[in-house]
Each structure stands twice: as C-alpha cells, then as structure tokens.
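This briefing goes through one chain by topic. Please look over the sequence and the structure before reading on.

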Amino acid sequence: MSRARRWIARVSIALVAVMGLLAAPFVAASWGLAPIADGQGPLAGVRTVKLGFVSAFVLDAGGGRAVLVDAGADRAGVALLAALRAAGYGPDAVLAVLLTHGHGDHIAAAPLFRSAEIVALEQERALVEGAVTARSPMARFSRAKPTGVRVTRLARDGEVLRYGSLEVRVFAIRGHTEGSAAYLARDVLFVGDAASATTDNRARGPIWMFSEDTDVGAASLRTLAGRLRREGHSVRAMAPAHSGPLMGAVLEALAAL
Ligand SMILES: [Zn+2]
C-alpha cells in the first residue's frame with residue numbers, strides 16, 4: 001500500500017469513528033422507540049406527517065380547515081406542505097400551529113402559514129423566537145439567533161382553544177424545555193419531546209441529551225396524568241414527536257415514569 005493510500009485509510013477510519021461518536025446519542029435515544037407511522041395510522045381523525053426523525057400532526061377543524069401540531073425542521077416545509085395538499089388543505093386552510101416547544105425541529109415551517117395563529121406557552125416564547133438558546137446538554141455551546149418564527153398567541157396552562165369544530169386543551173409540562181406544552185385534542189395527547197412511546201407500549205420521559213431537566217420532565221408528566229384523571233378527560237392515545245404513538249393506557253404509562 002502506498003503512503004498516500006495508508007494516509008487515506010487512516011483518515012477514513014478516524015472519520016468513521018468521529019461520526020460514530022457523534023451519532024451515538026441519537027442512536028441511543030431512539031433505541032426501542034415505536035416507529036413513526038406516516039399518514040392516518042392508528043390515531044383516528046389525526047394525520048401524522050413523518051418528517052424524517054420528527055413528526056408533525058394535522059387535525060381537521062371542519063369546513064376544509066386544519067390545525068397543525070408542530071411544524072418540522074424544514075423552513076421550506078416541502079414535505080409538510082405536500083402532506084397538507086394530499087389531504088386537501090392549502091397553507092391558508094391552517095388556522096393554528098400549536099407548538100409543543102421551541103426546538104428548531106418543531107417550529108421551522110410555522111411562518112409559512114400566514115393566516116394561522118402561532119401558539120406557544122408564554123414561558124416558551126423567547127426560545128421559539130430565538131431570543132435565548134435551549135438549556136440542554138446538547139445546546140450548551142450554541143448561541144441565540146432569531147428563528148424567524150413569531151408567537152402570535154400565548155397560551156396558558158389549562159386554557160381551552162377552539163378552532164372550527166376542534167377543541168384543544170393546553171397543559172404546561174416543564175422539563176424538556178421551560179415552556180413545553182402538551183395539547184389534548186380528539187382524545188389524543190400531543191406531548192412533543194416530553195415523552196416517547198416504546199415498541200412495547202410504555203412511556204419514556206424526556207431524553208437527557210436534549211432536555212433541560214429530565215427529573216422535572218418526568219414529574220410534570222406524572223402530575224399531568226393525575227390531573228387528566230381527576231378532571232375526567234378521555235385520553236385514547238399519546239402522540240410524541242419522535243416516536244410512534246402510545247395506544248390505550250396513556251395515564252397509567254405516564255404515572256409509571
Ligand atoms: Zn425538543
């Protein structure tokens with residue numbers, strides 16, 4: 001082997017090793033998670049849009065209009081707009097984009113929906129708009145910069161939002177981020193990155209690498225489970241952003257965290 005080839009081989013091995021190290025947290029984080037199911041899937045009345053490693057959700061609001069939960073990582077929203085079009089909605093049909101939190105892979109395409117309210121909890125506004133950075137281990141060395149997304153409606157914990165025929169309850173679930181929100185609509189609990197579902201239908205709390213405080217996050221979910229039970233809400237499924245859904249005993253799964 002020539003010197004040049006040996007050198008190329010060494011560099012290649014080093015590159016593979018570095019890429020492996022960089023990818024390890026992502027692989028570990030997704031291990032055992034239920035796969036995201038694109039399309040109508042098991043969540044009747046809810047369309048899942050798989051955008052690579054993250055999902056957004058389309059909820060029908062009647063009269064040819066829709067509400068989105070999250071808006072993916074692509075500012076051009078190519079796959080999201082295509083999925084909406086395939087379901088019979090144009091961008092102007094979207095009445096609201098409900099942001100579960102301000103991480104970049106959940107908010108990017110929100111400005112494309114010009115006639116929609118962009119909804120987030122007040123505690124999350126600065127992160128959504130890019131006035132502050134996330135406080136997770138992964139984001140420790142990143143700098144704040146404007147995201148181009150503007151929150152136009154600040155939601156409060158316990159609030160009920162109405163869009164056409166759709167009723168949405170808002171819950172604060174601090175932990176993954178300071179202002180993480182869960183939305184309950186059509187008996188499905190949308191939790192963003194606050195929880196995931198495993199292939200054996202259990203819940204996992206927020207992932208350390210990407211979260212501000214995993215203990216607080218798990219406690220928020222246990223508290224939410226108790227509250228949903230006390231208030232008598234029907235919850236038939238949980239829809240996380242980075243895994244498939246948890247079907248059935250959602251409150252028991254969250255209480256066990
Ligand atoms: Zn996140």
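This is a predicted model: local features need pLDDT of at least 70, side-chain atom pairs count only at pLDDT 80 or more; totals for chains, interfaces and linings use all residues.

Residues are numbered from 1 along each chain as its sequence is written. Helices (H or I, at least four residues) and strands (E, at least two) are DSSP runs, numbered from the N terminus. A residue is buried if 20 or more other C-beta atoms lie within 10 Å of its own, exposed if 12 or fewer, and partly exposed in between, with C-beta atoms placed from the backbone.

- Helix α2 spans residues 78–86, and its buried residues are L80, A83 and L84.
- Viewed down the axis of α2, these buried residues fall within an arc of 100°, so they line one face of the helix; the arc is that of the directions from the helix axis to the C-beta atoms.
- An α-helix has 3.6 residues a turn, so residues three or four places apart point the same way.
- Exposed residues V78, A82, R85 and A86 sit on the face of α2 turned away from its buried side.

## Whole chain and core

- The chain has 6 helices and 14 strands.
- Of its 257 residues, 44% are buried.
- Among contacts in the chain with a separation of 6 or more, 59% join residues 24 or more positions apart; two residues are in contact if their C-beta atoms, placed from the backbone, lie within 7 Å.
- The largest nonpolar core has 74 residues, and L68, V97 and A182 have the most contacts inside it. Strand β2 (residues 54–62) supplies the largest share of this core, 6 residues. A nonpolar core is a set of buried Ala, Val, Leu, Ile, Met, Phe, Trp, Tyr and Cys residues joined through C-beta atoms within 7 Å.
- Beyond its neighbours within four places in sequence, L68 is in contact with A56, F57, V58, V94, V97 and L98.

- In strand β3 (residues 65–69), 5 of 5 residues are buried.
- R65, V67 and V69 point one way from β3, while A66 and L68 point the other way.
- In a regular strand the side chains alternate between the two faces of the sheet.
- β2 and β3 are antiparallel and pair over 5 bridges; two strands pair if DSSP finds at least two bridges between them.
- L59 has V67 in β3 as its bridge partner.
- The hairpin of β2 and β3 has 2 residues between the strands, and G63 in this hairpin takes a positive phi near 60°.
- β3 also pairs with strand β4 (residues 94–98), in the parallel sense and over 4 bridges. The β-α-β crossover from β3 through α2 to β4 is right-handed; that is, with the strands pointing away from the viewer, the path from the first strand over the helix to the second runs clockwise.
- On the β4 side, the bridge partner of V67 is A96.

## The six-strand sheet

- An open sheet of 6 strands has the order β7-β8-β9-β10-β13-β14, with mixed pairing. Its edge strands, β7 and β14 (246–247), each pair on one side only.
- Strand β7 (residues 160–163) runs antiparallel to β8, with 4 bridges between them.
- β7 and β8 form a hairpin with 2 residues between them, and G164 in the turn has a positive phi of about 55°.
- β8 and β9 are also antiparallel and are joined by 4 bridges. R169 has L184 in β9 as its bridge partner, and V170 stands opposite Y183 in β9.
- V168 belongs to strand β8 (residues 166–172) and is buried, with 22 C-beta neighbours inside 10 Å.
- L161 stands opposite V168.
- The C-alpha atoms of V168 and V67 are separated by 10.0 Å, and the two residues are 101 apart along the chain.

- Most residues other than glycine have a negative phi.
- R186 has a positive phi of about 50° and lies in the loop between β9 (181–185) and β10 (188–192). R186 is partly exposed, with 18 other C-beta atoms within 10 Å.
- N201 has a positive phi of about 60° and is found in the loop between β11 (196–197) and β12 (203–204). N201 is partly exposed, with 16 C-beta neighbours inside 10 Å.
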